[in-house]
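The structure comes first, and the description follows.

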Amino acid sequence: MARTNFDQLLEAGCHFGHLKRKWNPAMAPYIYTERNGIHIIDLHKTVQKVDEAAEALKQIAKSGKKVLFVATKKQTKEIIAEKAQSVGMPYVIERWPGGMLTNFPTIRKAVKKMANIDKLMQDGTYSNLSKRELLQITRQRAKLEKNLGSIADLTRLPSALFVVDVLKEQIAVKEANRLGIPVFGIVDTNSDPKNIDFVIPANDDAKDSVEVILAACCAALNEGIEERKVEKADEKAADAQAESEAEEAKPKRQANRPRKSAEAAAE
């Protein structure tokens with residue numbers, strides 16, 4: 001069963017590409033036609049690509065790994081934050097911090113610095129500081145929270161990137177490519193899909209377009225998370241049963257020992 005359908009995508013405006021003069025020829029396989037100087041995306045292919053991406057995302061979530069969502073466009077920030085939070089995944093909606101993937105240890109240090117500031121504020125270490133010094137620290141904390149707060153729980157490199165507008169987020173895409181991290185991307189007609197592992201051809205500017213695609217992908221992630229929980233619960237139940245059977249077998253072996261020694265004595 002498809003996770004999206006043609007009518008859903010059509011209603012959300014996923015088919016509207018960019019002006020013909022702004023197109024990237026590499027997107028030709030995903031373009032259906034051109035109307036009034038605007039390229040129209042083939043939504044049948046979009047449905048297929050959404051399903052492929054969703055299945056891959058489901059397997060990533062099922063294995064317990066993280067997907068980092070990236071979208072710094074003003075109109076998509078809230079959607080990304082909402083959807084990523086709903087499935088417990090990290091996200092970047094402010095400026096992409098250069099070297100976030102390729103220089104990940106430095107980013108982790110900045111996140112730890114934010115945690116240290118919180119700790120020192122709570123234990124009263126900063127209580128003797130002047131108002132000016134306290135204000136500077138507070139501002140520094142706020143800046144760190146704005147840029148890195150959404151990735152505070154990302155303790156290791158993500159297993160995949162989900163990018164809205166791969167042209168705007170090309171630095172993030174390049175870093176992921178360099179490290180061999182798979183990239184899922186909503187790719188419009190003005191972008192180059194060659195460095196994207198899972199291309200989802202669609203309008204990356206319209207809020208409704210991005211939302212309908214994210215809803216399908218996040219539903220798949222949620223399925224993977226739930227299946228992982230079920231598998232873990234089954235494993236625990238199997239381990240508990242094995243331990244119980246082992247405990248039941250112990251008294252039987254102990255009961256048999258005296259009988260054997262008695263037989264030996266009789267001989």
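In strand S7, Gly-185 is the residue opposite Val-163. The pairing behind this is between S6 and S7 (residues 183–187), parallel, over four bridges. Strands count as paired if DSSP finds at least two bridges between them. Helices (H or I, at least four residues) and strands (E, at least two) are DSSP runs, numbered from the N terminus.

This is a predicted model, in which local features need pLDDT of at least 70 and side-chain atom pairs count only at pLDDT 80 or more, while totals for chains, interfaces and linings use all residues. Residues are numbered from 1 along each chain as its sequence is written, and side-chain values use heavy atoms, with hydrogens and water left out.

**The five-stranded sheet**

S6 and S7 belong to an open sheet of five strands with parallel pairing, in the order S5-S4-S6-S7-S8. Strand S5 (91–92) and strand S8 (198–201) are at the edges and have a single partner strand each, so one side of each has no neighbour in the sheet. In S7, five of five residues are buried, where buried means under 20% relative accessible area, exposed over 50%, and partly exposed in between (1.4 Å probe, protein chains only). Val-183, Gly-185 and Val-187 are buried on one face of S7, and Phe-184 and Ile-186 on the other. Helix H2 (residues 43–62) lies across strand S4 (67–70), S6, S7 and S8, and runs at about 140° to S8. Such angles run from 0 to 180 degrees between N-to-C directions, with axes fitted to C-alpha atoms, for helices over the stretch in contact.

**Asp-165**

Asp-165 sits in the loop between strand S6 (160–164) and helix H6 (170–179). Its relative accessible area is 8%, which makes Asp-165 buried. Leaving aside residues up to four places away in sequence, Asp-165 touches Lys-73, Ile-186, Ser-191 and Asp-204; contact means heavy atoms within 4.5 Å. A polar atom of the Asp-165 side chain is 3.2 Å from the backbone nitrogen of Leu-167.

**The three-stranded sheet**

A second open sheet has three strands in the order S1-S3-S2, with antiparallel pairing. Its edge strands, S1 (16–19) and S2 (31–35), each pair on one side only. From one strand to the next, the twist averages 30°. S1 and strand S3 (residues 38–41) are antiparallel and share two bridges, and Phe-16 stands opposite Ile-40 in S3.

The expected span below is 1.5 Å times one less than the number of residues.

| Helix | Length | First to last C-alpha | Expected span |
|---|---|---|---|
| H4 | 19 residues | 28 Å | 27 Å |
| H5 | 18 residues | 25 Å | 26 Å |

Which residues of H5 are buried? They are Ile-137, Arg-141, Leu-144 and Leu-148. These residues lie on the same side of H5 because they cover an arc of only 65° around the axis, the arc being that of the directions from the helix axis to the C-beta atoms. An α-helix has 3.6 residues a turn, so residues three or four places apart point the same way. Lys-131, Arg-132, Arg-139, Lys-143 and Lys-146 are exposed on the other side of H5.

The buried residues of H5 pack against helix H4 (104–122). In H4, the buried residues are Phe-104, Ile-107, Arg-108, Val-111, Met-114 and Ile-117, and these pack against H5. Gly-124 follows H4 and has a positive phi, near 85°.

How values were computed:
Polar contact = N/O pair within 3.5 Å; in protein donor to acceptor, adjacent residues only side chain to side chain.
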